[in-house]
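These are my notebook entries on one model. I recorded what I looked up, one topic at a time.

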Amino acid sequence: MSDLATLEQRAQAELAACADEPTLRAWHTKYFGKTGEVLTALKAIGGVPHEQRKTYGQEANRIKEALTAAYEKALAAEKERALQASLTANPLDVTLPGRPVQRGRLHIATQTMRQVYSIFADMGFQVYRTREVEDDHTNFELLNMPPHHPARDMWDTFHTTVPGVILRTHTSPGQIHVMREFCPNPIRVILPGMCYRYEAITTRSEIQFQQVEGLVIGQHVTMADLKGTITAFARRLFGQERQLRIRSSYFPFTEPSIEVDIDWPKEDPNADRLTKGTGWLEIMGAGMVHPVVLRNGGYDPAKFSGFAFGMGPQRITMLRHAIDDIRQFWGNDLRFLRQF
Ligand code: DAH
């Protein structure tokens with residue numbers, strides 16, 4: 001019994017001397033660990049002579065409860081003290097503004113594309129996506145350009161190490177894919193996407209750029225439909241008062257072929273530079289789908305006709321925002337991108 005009394009006094013005194021959490025925890029292990037003194041004292045109950053066992057057991061248990069309560073109190077007090085100390089040492093100003101979350105934005109090229117999609121969507125066009133890696137056959141031959149056709153000179157091509165596999169030079173090969181999928185049904189789609197050309201990079205030409213191709217196939221589709229569609233498109237994008245000018249041109253996959261210009265507002269200080277003094281600015285190539293191309297897509301030119309057009313949305317964006325260097329589009333300069 002006297003051992004128990006000494007144990008309690010010693011334990012209480014040591015507990016009172018603990019100045020921080022680690023020493024408190026060490027104290028706890030010393031007395032309450034697996035081989036701790038309090039547990040050892042409790043285990044000893046069995047060995048105490050019978051007549052003293054009850055008193056000894058009650059006293060041992062009382063000491064265990066008392067020391068446990070004292071420990072918990074001391075630990076809680078120590079935690080509170082540590083918290084107060086840290087609050088005074090490192091005051092936290094909860095009124096400071098948080099770190100601002102950087103807000104992203106859509107790339108100007110994406111913004112233009114979405115505007116184009118929405119204008120054509122209003123006219124019943126669907127977006128049809130096709131591959132950027134093409135074969136020579138679809139990029140050229142099926143569009144009425146056999147291997148030695150001089151028109152191929154219009155497109156400087158990136159070749160892969162696999163013969164006949166190239167990066168598409170324009171979105172026009174998509175016409176073949178969509179026709180072969182939908183034939184003999186009518187078609188009204190735009191084919192947007194990236195194109196690649198092996199060219200010297202300058203302020204006016206890049207090796208990669210987007211195009212938006214359009215294709216309409218059906219019975220009795222005429223040049224009047226083409227003119228109406230692109231006039232409506234150009235006026236939605238550039239302003240209702242825009243005038244369009246249609247010039248005759250040449251593309252192997254359309255017959256007849258045209259190029260479309262819009263008038264540029266004379267009030268715009270850039271008008272002279274943009275239009276080289278003519279007042280007109282080219283926005284797209286177009287035409288009636290060539291019978292050979294229709295046939296390659298599976299359509300009988302005696303029953304079906306169609307029109308197609310192709311334009312460069314980067315060029316259009318440059319016009320609308322007076323951007324003077326096409327390299328800005330993929331240069332990833334935030335000072336440029338943040339302006340839109
Ligand atoms: N594929 C032509 C180019 O990249 C653009 C083009 C012109 C597409 C006339 C057409 C078209 O569909 O009818 O230069």
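Entry 1. I looked up the contacts of Thr138 and found that this residue touches Leu143, Pro173, Ile176 and His177, leaving aside residues up to four places away in sequence; contact means heavy atoms within 4.5 Å. Thr138 is found in helix H6 (residues 136-139), helices being DSSP runs (H or I, at least four residues) numbered from the N terminus. Thr138 has a relative accessible area of 6% and is therefore buried, that is, under 20%, whereas exposed means over 50% (1.4 Å probe, protein chains only).

I note that the model is predicted: local features need pLDDT of at least 70, side-chain atom pairs count only at pLDDT 80 or more, and totals for chains, interfaces and linings use all residues. Residues are numbered from 1 along each chain as its sequence is written, and side-chain values use heavy atoms, with hydrogens and water left out.

Entry 2. I turned to helix H2 (residues 21-32) and listed its buried residues as Leu24, Trp27, Tyr31 and Phe32. They lie on the same side of H2, because they cover an arc of only 95° around the axis, taken from the directions from the helix axis to the C-beta atoms. Pro22 and Thr29, on the other side of H2, are exposed. I found that the cover over the buried residues of H2 includes helix H1 (2-17), helix H3 (37-43) and helix H4 (50-89).

Entry 3. A polar side-chain atom of His170 lies 2.9 Å from a nitrogen atom of the ligand. For Trp155, a polar side-chain atom lies 3.3 Å from an oxygen atom of the ligand.

Terms used. Helices (H or I, at least four residues) and strands (E, at least two) are DSSP runs, numbered from the N terminus. A polar contact is a pair of N or O atoms within 3.5 Å; within protein, one must be able to donate a hydrogen and the other to accept it, and residues adjacent in sequence count only if both atoms are side-chain atoms.
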